[in-house]
Amino acid sequence: ICYTGDITDPSKGKYTLDYYLEYARQLAQLGVHSIAIKDMAGLLKPRAAALLVGAIRKELPDMLIHVHSHDTAGNSLASMLSAAEAGADVVDVAIDSMSGITSQPSLGALAAATAGSELDIGVRPQDLEPLNSYWEQVRSLYAPFESGQLSGSSDVYRNEIPGGQYTNLLFQASQLGLGDQWVEVKRKYAQANLLLGDIPKVTPSSKVVGDLAQLMVAQKLEPDQLIEQAESLAFPDSVVSYFQGGIGLPPGGFPEPLRSKVLKGRSLEDGRAAYDGRPGATMKPYDFDKELGLLQASYPSNKGERDALSYALYPQVFRDWQEHRAVYGEVEALPTEAFLHPMAVGDEVEFATEPGRSWIVKLVSVPKPDENGQTQVIMELNGERWFVPVTDNSVQSATAREKAGGSPGSVGSPMPGVVVDVKVKPGDTIREGEPLVVLSAMKMETAIPAPASGVVERLLVSAGDKVEGDDLLAQIGEGAPKEEGGSSAKGGLFSSLFKGSGE
């Protein structure tokens, strides 16, 4: 049961205590052995926890009840205690050094709060000390990847952003140049949720809300403006797929007229406007034997069925991983410190690649790079000196990319990223809104549309190129557009900021 809203507030609408009770009954009728209440945004207040768990316990006295929450607002420990007192069998907590904020409440705090009571979990403070110490050290290694959030945020009761998404969204907003508008991103998240029908927000539905919110911030759209322009806006793929029923039917159905406007001119690959029923029911069978053969031909080091399944679920992530492995080898054998932080001259690390086979690696020297950014790094491997050619990515190219500026027909990159696909070539005639280039940045693919109809006079990028914000990608000149195909998307460079790819 994905908890959203507030059952103690009658104004919150459709997510009432009766709604959740009916859902629990349906799960019980299916023969489940346990029910988990997933409070992904930390919205379950202490009184609501007691009401919800108590009602389910009364309705289903023999059902195992498991409660999961996030501590974004700082209320989660009290809520877990209330849930336990009302009859929950399991509540989720985190080791102290990994707890709080958008994580789970503290295990040590729960142990102290229940000590000597009927709910005593039997964990002593001295048992936790070595674990806390270990995970504090591990967390320090990954400090550069933390979002920078220093405290809880009770405004989660208004924006309803899930804990796991809160920090990711903050980081993505910063990378997309929206970091100084974080307050506005949170406000738009709440608006986007209502535009989509006030939905339970958990992967992947939470990504749909987040993508739409960032689009609204980037284009400075209020809800009424978005609905009015919906037929011509280039929505994120995740939003289009949502309205097509790609992740199922939301409670209460899809909102109109927004759904009809979004789907106008946007159909599924088989020509249908939307899915009829469960999307997976009409999915074509996946030929694992064929795909495994193709994988073994492309990536000889793959491990068989497990890699075939990884590729089937996340094809682009799998390809990126294989390309990284082809360049750097099996880096999982490296110590975390050596992987995340560059070695300094004179540093030495030791690691094992298999039982009985260990290596001592020492960084001897890093000469200055040449004009092309190449340098011969000198290392010792078990005492033997190696000269390793390395590209120094900090060396700037002698020629900077041309900027788009404001000239008519110029197509600039709306954000830093990597070009993953080029849809046109010089001389092509195109319609306004047709995709020219696809960028990848921060888990999102972005189709950059033509700002006007005409002829592609210049194309300045190729697949694999790295670009910065406002780098010139292409130049569109006047000319007669081709008649066939085309998209109804409009809105210039920022009309298609986000094409969802996976969370």
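## Confidence of the model

Where pLDDT is low, the predicted coordinates should not be read in detail. The structure is a predicted model, and its chain averages a pLDDT of 86. A score of at least 70 is reached by 91% of the residues.

## Helix 1 against helix 2

Two packed helices are described by the angle between their axes and the distance between the axes. For helix 1 (residues 17-29) and helix 2, the angle is about 40 degrees and the axes lie 10 Å apart. Helix 1 is therefore oblique to helix 2. The crossing of this pair is right-handed.

Helix 1 contributes L17, Y20, L21, A24 and R25 to the contact, and these residues meet L51, L52, A55, I56 and E59 of helix 2. By class, the contact comprises eight nonpolar residues and two charged residues, with no polar ones. An α-helix has 3.6 residues a turn, so residues three or four places apart point the same way.

## Helix 2 against helix 3

Helix 2 (residues 46-59) also packs with helix 3 (residues 76-85); the axes of helix 2 and helix 3 come within 8 Å and cross at roughly 25 degrees. Because the crossing angle falls under 35 degrees, helix 2 and helix 3 count as roughly parallel to each other. Their crossing is right-handed.

On the helix 2 side, the contact is formed by P46, A49, A50 and V53, which meet A78, S79, S82 and A83 of helix 3. Six of the residues in this contact are nonpolar and two are polar, while none is charged.

Helix 3 is mostly covered, with seven of its 10 residues buried. The buried residues are S76, S79, M80, L81, S82, A83 and A84.

Beyond helix 2, the buried residues of helix 3 pack against strand 2 (64-69), strand 3 (90-91) and helix 4 (107-114). After helix 3 comes G87, which has a positive phi near 120 degrees.

Notes: Residues are numbered from 1 along each chain as its sequence is written. This is a predicted model: local features need pLDDT of at least 70, side-chain atom pairs count only at pLDDT 80 or more; totals for chains, interfaces and linings use all residues. Side-chain values use heavy atoms; hydrogens and water are left out. pLDDT is the predictor's confidence in each residue, from 0 to 100. Axes are lines fitted to C-alpha atoms, for helices over the stretch in contact, and angles run from 0 to 180 degrees between N-to-C directions. Helices (H or I, at least four residues) and strands (E, at least two) are DSSP runs, numbered from the N terminus. Angles under 35 degrees count as roughly parallel, over 145 as roughly antiparallel, 65 to 115 as roughly perpendicular and the rest as oblique. A crossing is left-handed if the near helix is turned anticlockwise from the far one by less than a right angle, and right-handed if clockwise. Contact means heavy atoms within 4.5 Å. Ala, Val, Leu, Ile, Met, Phe, Trp, Tyr, Cys and Pro count as nonpolar, Asp, Glu, Lys and Arg as charged, and the others, Gly among them, as polar. Buried means under 20% relative accessible area, exposed over 50%, partly exposed in between (1.4 Å probe, protein chains only).
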